[in-house]
Amino acid sequence: MINLIEVKEVSKTYNRGGETLVVLDGLSLEVPKGDFLALMGPSGSGKSTLLNLISGLDSPTSGSIIANGKHLEKMKSSALSDWRAGNVGFVFQFYNLLPVLNAKKNVELPLLLTNLSALKRKEHVATALNLVGLADRGDHKPSELSGGQQQRVAIARALVSDPDILVCDEPTGDLDRESATEILNLIQILNRDHGKTILMVTHDPVAAEFSKRTLYLDKGKLTY
Amino acid sequence: MSLFVAFLLYGSLQTFSSIFTGSVKGLSAQNLIVMPRYDMFGKLPISVAQYVESLDGVEDVMYFDYLMPIKLESMMDGVVFASSPNFFDIYTRFQAPDEAKQALKSTRSSAIVGKLMAEKKGIKIGDKLSFKSTSMNQDGSYNWSFDVVGFYTVTQLAGDEMAAIVNYESVDEARLSEKGTISMIMARIANPNMADSISDKVDDRFMNSSYATRTGPESMMAVEMASEVADIELIMTAILLSVFFTILLVSANTMSQSIRERTIEIGVLKCLGYKDRQLFVSVMLEATFLTFCATGLGLLGTLLLIPVVEQLSDGVLANTFNLELEIIFGGFILGLIVAFLAASVPAYQALTLRVVDALRED
């Protein structure tokens with residue numbers, strides 16, 4: 001199977017008050033296209049840092065990250081922005097929707113960076129909202145939606161530019177069990193039916209059960 | 001809101017300061033004013049007027065003295081100008097019907113009353129204008145009386161219509177003291193470019209006498225006279241500078257707070273692929289938009305204040321104030337400067353914000 005993501009001997013350290021803090025320690029990982037990978041581990045184990053590196057939000061101190069054929073560690077900030085816009089969709093624990101925009105406008109945000117016409121953008125937004133089951137809530141602002149619905153809008157925003165990789169950082173951490181299950185089912189459908197490669201950080205073993213495989217991190221290393 | 005108030009203050013100060021800073025229309029550079037150098041209400045001998053008239057470049061000379069009515073015991077509140085008969089020929093901002101002007105020249109007891117005062121006091125042509133003045137009359141009283149022969153209007157500063165103009169010779173003959181003295185001379189010169197040389201000549205001539213003069217174009221003298229009360233222009237500038245820095249501090253604080261509150265949003269936008277420069281520009285544009293909205297509303301507020309102030313002045317300041325194009329233009333330039341200075345730091349913060357740091361605040 002083709003690897004969509006290859007993480008090779010990646011280390012990430014921070015300097016805090018003259019002390020070097022090792023967050024990731026020579027970690028290697030391969031993620032095939034179409035995988036649904038759950039990352040678990042205690043707080044401070046490096047899960048989110050690994051996710052940030054793979055999604056091009058941060059750069060490793062050493063090692064290399066190849067995603068969709070690109071060496072992310074060699075790319076500059078501007079090129080990484082372009083890469084993220086075309087290849088990665090983000091789903092956050094607290095949804096992070098823009099409160100002044102309605103659902104449609106929130107979902108449209110990534111498309112404003114493309115050359116699509118307003119009509120095409122509208123079509124893409126409608127498709128994404130339809131996919132997450134919120135076709136009738138497009139004109140609602142985030143404050144008018146439940147937590148589960150807000151997360152669905154966030155997923156629609158992550159999907160609307162049709163990226164290969166979906167990065168989910170505790171996507172159900174702020175939801176009740178019922179809503180969490182709905183969201184996880186939706187993510188599973190995106191993986192199974194739409195071929196999205198999914199990387200999900202979670203503390204919740206139930207959430208991890210929705211993935212194809214689960215990896216455990218501790219002190220910056222994979223413990224499997 | 002604070003930005004709106006600041007620009008309202010800017011617009012109002014700029015507009016209403018025109019009466020103090022000499023930018024009122026209609027003040028002529030072709031008219032020179034000669035007045036006592038050290039006392040705005042002092043006296044000059046009439047011979048000064050004769051000297052001024054004899055100078056090259058001076059076309060005509062008008063002079064007057066004030067008869068100050070004692071308000072509570074008089075039928076009028078304003079000033080009475082005891083003027084040479086050519087008052088209206090030189091002071092063209094004041095306009096009166098020809099027959100009234102002719103009467104002022106031919107009939108020594110005639111008075112031309114300002115239209116605003118006539119309206120306020122119900123004065124009609126043919127009425128006696130009677131008042132008490134601080135000048136003693138030959139009969140030993142302070143009572144003065146004139147025949148109203150017409151009304152005058154002014155092109156701007158309606159407050160100048162709260163006065164009456166009477167014949168200087170009749171007043172000078174009738175009064176017991178200060179005979180042969182005048183308060184102010186106005187000389188029409190052939191060429192405004194000669195104003196400085198003629199002014200210097202007059203002032204040099206009387207520099208070491210008991211009647212030192214101060215001479216200059218009417219527009220300049222208006223400012224100087226206002227400055228005798230206080231340095232209005234300096235005060236206005238100080239207030240405007242304070243306003244400017246207040247606007248700057250308020251908007252810088254607002255912008256910074258706005259960016260701080262939206263750190264996560266900026267982080268999310270960066271996640272989605274928005275570039276640092278795009279966010280920098282968007283913060284700058286937002287600041288400019290907000291400041292321009294505040295500028296527009298502040299200037300609109302000023303526009304709405306003008307009729308209110310004119311109304312409150314009871315007609316004295318009618319048609320005096322205009323929100324000039326240069327004030328509007330200046331306001332938007334000021335807005336642009338404020339937006340740039342206030343937003344540059346927050347915009348730079350947005351530019352350099354690391355996504356992982358922004359999202360860590362989640």
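Predicted model: local features only at pLDDT ≥ 70, side-chain atom pairs only at ≥ 80, totals over all residues.

Residues are numbered from 1 along each chain as its sequence is written, chains are lettered from A and ligands numbered from 1 in the order in which they are written, and side-chain values use heavy atoms, with hydrogens and water left out.

Now select Ser48(A), Thr49(A), Asn52(A), Asp169(A) and Arg360(B), which, of the 30 lining residues, lie nearest the centre of this pocket. Its volume is about 750 Å³. (On a 1 Å grid over the protein atoms alone, a pocket is an open set of points with protein on both sides within 12 Å along at least five of seven lines; a cavity is a set where a 1.4 Å probe fits but cannot get out; lining residues have an atom within 4 Å of a point. Grid points are joined across faces, edges and corners, and a volume is the space filled by probe spheres set on the points.) Which element gives the largest share of the lining of the second largest pocket? That's α1(A), with five residues. Helices (H or I, at least four residues) and strands (E, at least two) are DSSP runs, numbered from the N terminus.

Next, colour β1 (3-16) and β2 (19-32) of chain A, an antiparallel pair joined by ten bridges. (Strands pair if DSSP finds at least two bridges between them.) Pick Lys12(A) and you'll find its bridge partner, Leu24(A), in β2(A). Two residues separate the strands of this hairpin, and Gly17(A) in the turn has a positive phi of about 60°.

Stay in chain A for the open, mixed sheet of six strands, ordered β6-β7-β8-β3-β9-β10. Its edge strands are β6 and β10 (221-222), each pairing on one side only. Inside it, β3 (36-40) and β9 (213-218) of chain A run parallel, with four bridges; show Leu39(A) with its partner Leu215(A). Axes are lines fitted to C-alpha atoms, for helices over the stretch in contact, and angles run from 0 to 180 degrees between N-to-C directions.

Now for the cavities: there are two of 30 Å³ or more. The largest, about 50 Å³, has Cys271(B) and Leu272(B) in its lining, along with chain A residues including Arg84(A), Phe90(A) and Arg157(A). β6(A) gives the largest share of that lining, three residues. Over in chain B, Met255(B), Ser258(B), Ile259(B), Arg262(B), Val283(B) and Glu286(B) line the second largest cavity, with a volume of about 40 Å³.

Last stop: select α1 (2-16) and α13 (325-352) of chain B, whose axes come within 10 Å and cross at roughly 145°. Phe7(B), Tyr10(B), Gln14(B) and Thr15(B) of α1(B) meet Ile327(B), Gly330(B), Gly331(B), Leu334(B) and Gly335(B) of α13(B). By class, the contact has four nonpolar, five polar and no charged residues.

Definitions and conventions
Points joined across faces, edges and corners; volume = space filled by probe spheres on them. Contact = heavy atoms within 4.5 Å. Nonpolar A, V, L, I, M, F, W, Y, C, P; charged D, E, K, R; others polar.
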